[in-house]
Amino acid sequence: DSNGKGPSQAMFGGYSILPMIDIDRVLWRRVGQLGVGLSAGYLGKTGHAWTTDTPRQPSPGDSTSFRLIPLVASAVYRFTYLDDEYGIPLVPYARAGLGYYVWWSTAPSGDFAAVCKNGGMPPCTENKAAGASLGFVGSIGLAIRAERIDYSAALSMRESGIQHAGFYGELSLGKVDGFGDSTKLSVGDTTWFAGVEFEF
């Protein structure tokens, strides 16, 4: 802990960008759309390694990194009724499913960070900083079908196979801790996403 920060924030800082790609398949269309989806992303953070001195301080010449690849399989419901029936281009949606988050951390040498399971006494049986955690994820969001702004552009889009295009924002919650397994790293969080979307 440094200046009231947790270990991760003290080493890597608090803010980061997590690019994600979502692919959904619609299986049912009546009062909205019901489907299944797959998501994948990548997060990389780098910071200074800490010295073993007391008190511990960042070492300017040595860096360590943390990498995370979140993989998600989910069910999604999109309430398209407002746009389909009344031309109001707002589509609220919700999704929920399982997340499998692969992670690893590297030492200044570039190898996986590791500690000795037996407390450093030789011979050292290494416990490497790499693994994966399974858990629940869910989100709620709102999409805006922007093609309603320009009717001629919408016609051109549909001729090329794109039915709808627009923007979205969502609030996401992930409880990805191995379903409470104390031997698994908890890598879930509450966060938000924004981006562009296309429907074919």
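Where is Ser-172 found? Ser-172 sits in strand E9, residues 164–176; strands (E, at least two residues) and helices (H or I, at least four) are DSSP runs, numbered from the N terminus. Before going further, keep in mind that this is a predicted model, where local features need pLDDT of at least 70, side-chain atom pairs count only at pLDDT 80 or more, and totals for chains, interfaces and linings use all residues. Residues are numbered from 1 along each chain as its sequence is written, and side-chain values use heavy atoms, with hydrogens and water left out.

How confident is the predictor? pLDDT is its confidence in each residue, from 0 to 100. The mean for the protein is 86, and 84% of the residues reach 70 or more. Among the elements, E2 has the highest mean pLDDT, at 97, while helix H1 (residues 7–12) has the lowest, at 67. Where pLDDT is low, the predicted coordinates should not be read in detail.

Back to Ser-172. With 14% relative accessibility, Ser-172 counts as buried; buried means under 20% relative accessible area, exposed means over 50%, and partly exposed is in between (1.4 Å probe, protein chains only). Leaving aside residues up to four places away in sequence, Ser-172 touches Gly-138, Ser-139, Asp-189, Thr-190, Thr-191 and Phe-193, where contact means heavy atoms within 4.5 Å.

Now for the charged side chains. The structure holds 7 salt bridges, each being a side-chain nitrogen of Lys or Arg within 4 Å of a carboxyl oxygen of Asp or Glu. One of them joins Arg-95 and Asp-24, at 3.0 Å from N to O. Arg-95 lies in strand E5 (residues 90–106) and Asp-24 in strand E1, so this pair ties together parts that are 71 residues apart in sequence. Arg-95 is buried, at 13% relative accessible area, whereas Asp-24 is partly exposed, at 34%.

Another salt bridge brings Arg-78 and Glu-199 together, also with 3.0 Å from N to O. Because Arg-78 lies in strand E4 (residues 58–78) and Glu-199 in strand E10, the pair ties together parts that are 121 residues apart in sequence. Both Arg-78 and Glu-199 are buried. Then there is Asp-177 with Lys-175, at 3.4 Å from N to O: Asp-177 is buried at 12% relative accessibility, but Lys-175 is exposed at 54%. Salt bridges that share partners also link Arg-78, Asp-83, Asp-84, Arg-145, Glu-197 and Glu-199 into one network.

On to the rings. There are 4 aromatic pairs; rings of Phe, Tyr and Trp (its six-membered ring) pair if their centres lie within 6.5 Å, and planes under 30 degrees apart count as stacked, over 60 as edge-to-face and the rest as tilted. Phe-79 and Tyr-81 have ring centres 6.1 Å apart and planes at 35 degrees, so this pair is tilted. Phe-136 and Phe-179 make an edge-to-face pair, 5.1 Å centre to centre with 70 degrees between the planes. Since Phe-136 is in strand E8 and Phe-179 in the loop between E9 and strand E10 (190–199), that pair ties together parts 43 residues apart in sequence. Ring pairs also link Phe-79, Tyr-81 and Tyr-86 into a cluster.

Conventions: pLDDT = per-residue confidence, 0-100.
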